[in-house]
Amino acid sequence: MSTRLARGGRFTDRSKQFGFTFNGKRFTGYAGDTLASALLANDQMLMGRSFKYHRPRGVVASGAEEPNALVGLGEGARFEPDQRVTTTELFDGLVADSQNHWPSLDFDVGGVNAKLSRFLPAGFYYKTFLWPRAFWKHVYEPVIRQSAGLGKAPHPEVRDADRYEHFHAHVDLLVIGGGVAGLQAAKSAARAGAQVLLLEQSAHWGGRTPVDGGSIDGHDPEAWVAQTVAELEAMPNVRLRLRCMGAGIYDHAYALGYERLTDHRPGAEGPRHRLWRIRAKQILAATGAIERPLSFAGNDIPGVMLASAVRDYVVNWGVTPGDRTVVVTNNDDAYRTAITLKQAGLEVPVILDARPMGGGALMEEARALGIRVEPGRGIARVLGGKRVTGVATCMQNGQGAMLEEIPCDAVAMSGGWSPVVHLWSHCGGKLAWDEKGAFFRPDPARAPSGADGKPFMSVAGAANGHLTLQAALACADGAGKAAAGALGHDVDETEAPSAEAAPEAPLAPVWLMPQGASADLRMKAFLDYQNDVKVSDVQLAAREGYESVEHTKRYTTLGMATDQGKLSNINGLAVLSDALGTPIPQVGTTTFRPPYTPISFGAIAGEARGEIFQPLRRTPMHEWHEANHAVWEPVGQWRRPYCYPKPGESKHKAVEREINATRASLGVLDASTLGKILVKGPDAGRFLDMMYTNMMSTLPVGKCRYGLMCNENGFLMDDGVVVRLSEDSWLCHTTSGGADHVHAHMEDWLQCEWWDWKVYTANLTEQYAQVAVVGPNARKLLEKLGGMDVSKETLPFMTWAEGTLADTPVRVYRISFSGELSYEIAIPANRGRAFWNRVIEAGREWNMTPYGTEALHVMRAEKGFIMIGDESDGTVIPQDLGLHWAISKKKEDFLGKRAQERIDMARGDRWQLVGLETLDGSVLPDGAYAVAPGRNANGQRNAEGRVTSTYHSPTLRKGIAMGLVKHGPDRMGEVLQFTAEDQDETRDELTTIAARIVSPVFYDPEGEKQNV
Amino acid sequence: MCDVITSQTEPSAPMAGALSEGLLRVEALPPQGQISLRGDFSDGFRDAVCGITGTGFPDPLGAAESGDRALLWMSRDELLFLLPYEAATETLAQLNAALAGQHFAATDVSDARAQFRVTGPHLRDVLAKLSPTDMAPGAFAPGEVRRSHLAQVAAGYWLRGPEEAQVFVFRSVGDYAFRVLTTAAAPGGEVGFHEA
């Protein structure tokens, strides 16, 4: 059984006991435990079920590479699925549930899949579910969704209880990994004067060296680590972060760090996770190495673990996975596990060493402790179901004939080590195959490089393939100094720390155990635990013609689980290489992509949630609208009042009331969101003649002109009233949503194309509040406010004037978007709210009614005015909208002119703007199509037009609409059939609504009302 | 309608009175006169501008202060002149007169922005949560100016002292900026990266 030892545990504090539950069972552990060590201490070896076959699975590793032991952690607002028990620090009250089991972890119905595994080989889904096609949606997909998947998503209505944030850091050198190599590299670089940020993903410095032993500069590794950390902490140019993983490396030495601040103390004040957005000049990865499993039958039975992990549990947490542990290996390092176990008073019945001659000094040490060593042997199969009960041994070079059955309750396996090259690879660093160590290591000749073509990244220690302590420290010292040198620092000649560790005999690559394992054994030898990919699956893929490792990965799902193949990658491609008869380096690896391990969505979102999910832009009058029950409409990031319903009034009724009051007497609109861009300079007129389709250079000072703006493709982009302020300055009004885009568009042309034109622009949108006073009594209101002459003679239609109204400096524009007598008044924004109050107060005698965007839309539609985004959609040119009058014939050029002359634009039968009236007075559905006879090449019903704007007009007391119709203006009076909103799916025929083509100007076609 | 009736006509700055205290003190500033200046930074431009502002001409990324006025470097052809709100209209007229004959643009943007004073020992760490600007003392010294962003909106930063910055954003997002600054400065969010 797995249990807590009487003593030991570098990380655990046995004076502090924590209670926790797993699947409702109550357990205890100690401060410093991980959930993995605490479960093992309570003999809870079975921790989950696999993804495909629902096989019982236990923990196999001790760190970030763990593929099996994923749990749903926490409850309610702090529930999170797919959490690795090996990287979950224990806290008092922790609640965890195993995943992927039904109805219970011990008895799982899906486990029947395992019995059928012979019939669920690689590519099973692709092969089986191809036919019949209709079965996919109704039969296969629902069943697969039910049985597949790992953790469950949090409840959709529950909101994450924690907060998150980002942090931008700029450093000379980012060192990732706080093992002895990372510490040494940071120290060497910092001593030379570099600003260093050192990240370690776990809660402890020193990596695995204190477990593995040896000595550094004559010290015990643990003492050396403590001393080095103290030295680094004392250096002002060094920053150290624990629980902060280097998650990804990107172009120009940009890196992401993922800091877990309160995962180990939930509910504590402060953010839970912090995403570090790091701009480094150099990056050094000291990310260590990960041990590889061996591929033998039953290597996934709970109790089979990596040899290094077994050692970690004993040394770091005082926990042993078993009383009797068989060690199986192809290298010397695993002997350390046997020695550790033996020294802890546990039984090691045998070490099976696949190498014919066995190992070196460590083997001798094990033998001296009385441990039986069997060279040339391996495991034929592991015995047991939910728990290891023994192993059947065999000759490694045979086919699996059993030599001996050895009872045991744990197996410690080691297939060698793979450097963690992920971060090196994220931004394009290439790998080289190391024949001696049988692993891929970073190729320094093909490093990730920056804008100058020089490498911005290096790798040190085990991550660089230096698996011995001596070599790792020497490499780290050199890499730290080299990084400092690359940063321009003078590096002193100092000695690398001297280290001693037992010498190791070379490993022998073992990709399958035994070498000639029968099909039966290969079908139980797992490569990818989380996705249940076995040796036989990869071999099948090869037989079926999969040669590319990337294709094999997707076909078999090898390495596609949440652990991204940290354990399975090399073993899988070695099996593929063998099956293809192609050397491993030619087969290559799949692509490593960020993040190194999954990071939380919260960390990615940072502070952007709730009220600050996105900026909401508010006008100076926003609070007044709020206090007056405005219903909001988002316009870009602005919030504008849609209408102001009175108590008990529907939105529809409110809109009608607002329109009727405005047309009958007086309305007022907050138009502050309107874009206002100043264009000034000797070339400003010439510039605006290019920006707009019509002529702006000839606009007299004091006048206003409506203008259209197209993009280079000729399509209508924005519109608005342009005002000539002075000899060399114009103010361009844009749509509310278009201001920033139009300003950027102008600057783009000025900075990139016409950089020698003397023009300056300024976005003054926010400088002014703007109030539209609209209706037959508008002039009377302005006269009541007093301060300037707003008479027809002094201020005629399409002119402007500056002056004072209600003791406030104003600029008044006589423009109208409603067809009524209308003034738009610009006020410095700091005075906007006060001015608005004065207007509201003064308007009472005329029942002045504030109106929102919907009333604005209806009134402009009644007048046949187009709306950008309704009548235009990025494919409409001004000519489609009957706006020829606003397109200059005199100008030699303007943006869009050439495009509008292309054949498709000038073809003559483009859909064009018309008004539409239903025969029964009803309102046409928005976006409805006018149906035409016949079907197109895709079998769809032909169409000859569509509705672009449609409203109930309270003024005309019927539905009105605008639309684009083929040859529309030539077909006045014709009746078209438009698709109705509700269609009877069972009938073949469309339900349609009849509407007549009319002029788009429904109200006051002569313009008498606005020109008074 | 529950009209809020007031005959007040005094200008009021966005977020007037807003104040929060956490790792930083965040307070909205009263109306601030601001004039945006574009020009070619020639000697003639410099002389004309400084003759009116009464300040020196700022170095790139810098600010030139004199009493209650300051000239901030915004880009290689743009300056921002800060002055008392009441003085903006008249000063703008003076600048227009002094620069007449040159190609320039001087615009009153006194009402276009929300301004905040943020103070406290965690200043650099909290601002680094919201802006990609290098906030290290060696990279961003007191007296300097940066144009960057504050979470999702454009922002300017004028470092007034080791523990004080003036942050300006467009007025419509003043509420957002205040909330974001307050959130980033909430207790428990200490980072300990920059020297406090």
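Let's start with a strand pair in chain B. Strand 5 (residues 69-75) and strand 6 of chain B pair antiparallel, over five bridges. Two strands count as paired if DSSP finds at least two bridges between them. Strands themselves are DSSP runs of E, at least two residues long; helices are runs of H or I, at least four residues long; both are numbered from the N terminus. Strands 5 and 6 of chain B form a hairpin, with two residues between them. Look at B:S75: opposite it, in strand 6 of chain B, stands B:E78.

This is a predicted model, and local features need pLDDT of at least 70, side-chain atom pairs count only at pLDDT 80 or more, while totals for chains, interfaces and linings use all residues. Residues are numbered from 1 along each chain as its sequence is written, and chains are lettered from A and ligands numbered from 1 in the order in which they are written.

Back to strand 6 of chain B. Strand 3 of chain B pairs with strand 6 of chain B too, antiparallel, through seven bridges. Here B:Q34 stands opposite B:L82. Buried means 20 or more other C-beta atoms within 10 Å of a residue's own; exposed means 12 or fewer; partly exposed is in between; C-beta atoms are placed from the backbone.

Now an exposed residue. B:A100 sits in the loop between helix 2 (88-98) and strand 7 of chain B. Why is B:A100 called exposed? Because B:A100 has 9 other C-beta atoms within 10 Å. From B:A100 to B:L123 is 23 residues along the chain, and their C-alpha atoms are separated by 42 Å.

Chain B averages 94, and 95% of its residues score at least 70. Residues 1-7 of chain B stay under 50, and the model has eleven contacts for them beyond four places in sequence. Where pLDDT is low, the predicted coordinates should not be read in detail. For the complex, the predictor gives an ipTM of 0.96 and a pTM of 0.93.

Next, the interface. How many residues of chain B are in contact with chain A? It is 45, and they touch 45 residues of chain A. Contact means that the C-beta atoms, placed from the backbone, lie within 7 Å. The elements of chain B that give two or more residues to this side are strand 3 (32-38), strand 7 (105-108), helix 3 (123-130) and helix 4 (174-184). Helix 4 of chain B gives the largest share, six residues.

Over to chain A. Seven bridges join strand 22 to strand 23 (residues 388-395) of chain A. One pairing to find: A:G378 has A:C394 in strand 23 of chain A as its bridge partner.

Last, a record. An unreviewed UniProt entry lists residues 172-434 of chain A as "domain: FAD/NAD(P)-binding". UniProt positions are in the numbering used here, feature names are shortened, and annotations may be inferred rather than shown by experiment. Residues 172-434 of chain A are 24% helix and 35% strand, with end C-alpha atoms 31 Å apart.

Notes. Two residues are in contact if their C-beta atoms, placed from the backbone, lie within 7 Å. pLDDT is the predictor's confidence in each residue, from 0 to 100.
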